Amino acid sequence: MTVGAGAGSRPDSAERQTTLAVIDMQRVFGDRDSPWFTPRFAEIVGPIQRLVGAFRPRVVFTRFVAPGVPTGAWRRYYELWPFALQPPDARIYELVDEFAGEPGPTVDATTFGKVGDQLSAMVAGGRLILAGVSTDCCVLSTALAAADDGVEVQVVADACAGINDESHAKALDIMRLYSPLVEVISLAEAIGQAARSGAAPSRPSAS
């Protein structure tokens, strides 16, 4: 996919659409027996479900997947984490059950950052809201790459989880340094923005 709108044709911020990107809510980060388990993963499932309901249908899910053949520095990375060299359809790379049935598109990437042609085309000059895991890796990498592209980024602090609380907090502090390109907001603020923008109301949860 190609980027839908050039910088010269972007609408005013009041008219921009907001896209929610749910970053890497996958079994490999949520399962307790996984080497990449994120301790507070389960705690952010509920907040992210609320965000998805508030911003639907402008919601995209992302997945981190391993490359078929690692290249460059990634070779060393997968020497450290050989368990992860599995195909994209492996169970470890599935979205967790709470999000597996969502109709929104899913963007797969073999990189920490998820900014690419597909996500850029969806945002197309609008605002990008981020939630998911991990704050100190894929969320951080996505936020900074999007900011470099000139995208207004908001990170929902209480809908993200890091490898531990200290690392989560440090990553949020780093992203705050990129203001006004990147803003760290609360779940309540994000839900309020969705309501003001006229986003679709949340449907009842199946859980």
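**Helix packing, crossover and backbone geometry**

Helix 2 and helix 8 (residues 187-197) pack with their axes 9 Å apart and at an angle of about 15°, where axes are lines fitted to C-alpha atoms, for helices over the stretch in contact, and angles run from 0 to 180 degrees between N-to-C directions. That makes helix 2 roughly parallel to helix 8, a term used for angles under 35 degrees, whereas those over 145 count as roughly antiparallel, 65 to 115 as roughly perpendicular and the rest as oblique. This is a predicted model, in which local features need pLDDT of at least 70 and side-chain atom pairs count only at pLDDT 80 or more, while totals for chains, interfaces and linings use all residues. Residues are numbered from 1 along each chain as its sequence is written, and side-chain values use heavy atoms, with hydrogens and water left out.

- The contact (heavy atoms within 4.5 Å) is made by Pro47, Arg50, Leu51, Ala54 and Phe55 of helix 2 and by Leu187, Ala190, Ile191 and Ala194 of helix 8.
- Helices (H or I, at least four residues) and strands (E, at least two) are DSSP runs, numbered from the N terminus.

**Strands 5 and 6**

- Strand 5 (residues 152-161) and strand 6 run parallel and are joined by four bridges, and two strands pair if DSSP finds at least two bridges between them.
- The chain crosses from strand 5 through helix 7 to strand 6 in a right-handed β-α-β crossover, meaning that, with the strands pointing away from the viewer, the path from the first strand over the helix to the second runs clockwise.

**Cis peptide bonds**

- Most residues other than glycine have a negative phi, and most peptide bonds are trans.
- The bond from Arg56 to Pro57 is cis, with omega near 10°, and Pro57 is found in the loop between helix 2 (41-55) and strand 2 (59-64).
- The bond from Ser179 to Pro180 is also cis, with omega near 5°, and Pro180 lies in the loop between helix 7 (165-176) and strand 6 (182-185).

- Asp24, in the loop between strand 1 (18-23) and helix 1 (27-30), has a positive phi near 55° and is buried, with a relative accessible area of 0%.
- Ala124, in the loop between helix 5 (117-123) and strand 4 (127-133), has a positive phi near 45° and is partly exposed, with a relative accessible area of 25%.
- Buried means under 20% relative accessible area, exposed over 50% and partly exposed in between (1.4 Å probe, protein chains only).
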